[in-house]
Amino acid sequence: MKFNNFNAKTYLLRHAQVMLFSLGQLWRQPIASVMTVLVIGIALALPAGLYVLLQNLNQVSEQWDDASKISLFLQQDLSDEQARKFSQNIKQWPEINNTHYQSAQTSLEEFRQLSGLGELLDSLPSNPLPAVIIVIPSNNNLRPDAIGSLLARLDNLAEVELAQLDMEWLQRLRSISQTSQRGLTILAILLSLSVLLVIGNTIRLAILNRQAEIKVIKLVGGTNTFIRRPFLYTGFWYGILGGFFAWATLLIALGLLTGPINHLALLYNSQFIFHWFAGQMFVSLILIGMSLGVFGAWLAVGRHLNAIEPR
Amino acid sequence: MIRFTEVYKRYADSHEALSGLSFHIDKGEMAFLTGHSGAGKSTLLKLIALIERSSHGEVLVNNQNLTRLPQRKIPYYRRQIGLVFQDHYLLHDRTVFDNVALPLVIAGESHREIGRRVRASLDKVGLLNKERKLPIALSGGEQQRVGIARAVVNRPPILLADEPTGNLDPELSRDIMNLFEQFNQVGVTVFIATHDHELIKTLPYRQIILQQGRLAPTEIA
């Protein structure tokens, strides 16, 4: 033992006391404390909420990955047999998982049923619709650039009038989502920084308020660790309470959004269900808040502690 | 116990507070430090408490060379010295008990030990019945006694006091001096800076007299 009267139980008890003492101090200045907690909470809730929305957007686009099919509209002069053969041929390509051939006649039948324009179609001299091959790419070719080159190759084939990616907008959604993800990272960093500054500033004021006490503690032999401890716990509480408030904010805000979003998904016949990982979010927000709180307090105390020396 | 050897203290404005000061106080001795204001009394005490460091020369306290004591060890060093100030430096947002307990809390003493020693200390200065009061509710003399109780609560071998009777009337001053004598009788080295000549000339202790940062030639041995 380094100190003859050092005792683990006393040490832990002291920590518990300081922890409660600093919570009590927040309690004694409720308005100032609540304002600080709100600022921290909002700063944490913003990136967390955006993160949840982005995760859900990714989930939507992943779900549609399965549906990223290419439609090949074949030349009109191709016979049914030639078309079938062509379909079998391209099915052998490694980039292609499967093809589904639909003759011009079938297309016409389908259109007749869906459109209800039967009589009008009957009056046409010939079938205006081309035969179609639905190409389902192999799974490893689902990246936007790979799918783009496959599309170009198919479009260049003599048998193909037009190759069309059904879900071109998916690429756009993806790149929007990637951009937003980067934006989110920047936003999260900036807002974390603001949490550090808010906590740092609050702790700085607390230190200035207790300057006399710090001097006396230094005079009777208090170490910097001892002096720092209550301030670190103050930051700890601010962080935890801020994290909790952020979570509660998300609970309400996303709760309001869940209904409309699920309704929207239903309109698109989607299996999509809006998730916001409440449990995970709770743990993360509390942990992030706590770490930022303690770290911000540490920075502030480190800066100001040495400036206060007995004279 | 306290030994100064050729100690100089110069401030940034090139004012020299102590110039080549040498003296020695024995273990268990009680001594007064006197001199005009500005003679360097406070500076000398600050060097012993390591609130400031000497510019030159050697300060030895309780066998430790303060010139070489690293910054991070200062708190542990200060626990060996009880400090008493003219304006007490009590914390006004906590009770007498909590003020006196502070050095023990810092040292990590157990709850029970703290209670026992704080009460023993308050009993010694005659304030046991005031432990739940806030310092502001006490008289000047009582506040000074709380300061003394805090200084001795962790039984330091050295007690330093800077003008402990500066704000008190003669009768209360006499009481305070009595207290210091009692601690000295149980072996504590006591060193008191004061300009209260009326009081100390009635007491049989050595005086170290400072004059412009040096020992005055008239030191009474």
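Chain B splits into two domains: domain 1 covers 1-61 + 156-221, and domain 2 covers 81-155. Those bounds come from an automatic or database domain assignment. Keep in mind that this is a predicted model, where local features need pLDDT of at least 70 and side-chain atom pairs count only at pLDDT 80 or more, while totals for chains, interfaces and linings use all residues. To find your way around, number residues from 1 along each chain as its sequence is written, and read chains as lettered from A and ligands as numbered from 1 in the order in which they are written.

Back to chain B. The C-alpha centres of its domain 1 and domain 2 sit 23 Å apart. Where the two meet, 17 residues of domain 1 of chain B are in contact with 15 residues of domain 2 of chain B (contact here has C-beta atoms, placed from the backbone, within 7 Å of each other). On the domain 1 side, the elements giving two or more residues are β7 (158-162) and α6 (170-185) of chain B. Helices (H or I, at least four residues) and strands (E, at least two) are DSSP runs, numbered from the N terminus. Sorted by class, that side of domain 1 of chain B has twelve nonpolar, two polar and three charged residues. Nonpolar takes in Ala, Val, Leu, Ile, Met, Phe, Trp, Tyr, Cys and Pro; charged takes in Asp, Glu, Lys and Arg; the others, Gly among them, are polar.

Now for chain A. Its domain 1 is 8-64 + 172-305, and its domain 2 is 69-166. Here the C-alpha centres of the two domains lie 54 Å apart. Chain A holds ten helices and four strands, running in the order α-α-β-α-β-α-α-β-α-β-α-α-α-α. Chain A is more spread out than a compact globule, because its radius of gyration is 32 Å, well over the 19 Å that the globule rule gives for 311 residues. That radius is taken over C-alpha atoms, and the rule is 2.2 Å times the number of residues to the power 0.38. Along its principal axes, the C-alpha trace of chain A spans about 105 × 40 × 35 Å.

How much of chain A is buried? Buried residues make up 26% of its 311 residues (buried is 20 or more other C-beta atoms within 10 Å, exposed is 12 or fewer, partly exposed is in between, with C-beta atoms placed from the backbone). Among chain A contacts between residues at least 6 apart in sequence, 86% join residues at least 24 apart.

Finally, zoom in on A:Gly148, found in helix α6 (residues 144-156) of chain A. Why is A:Gly148 partly exposed? A:Gly148 counts as partly exposed because it has 13 other C-beta atoms within 10 Å. Its C-alpha atom is 9.8 Å from that of A:Gln171, 23 residues apart along the chain.
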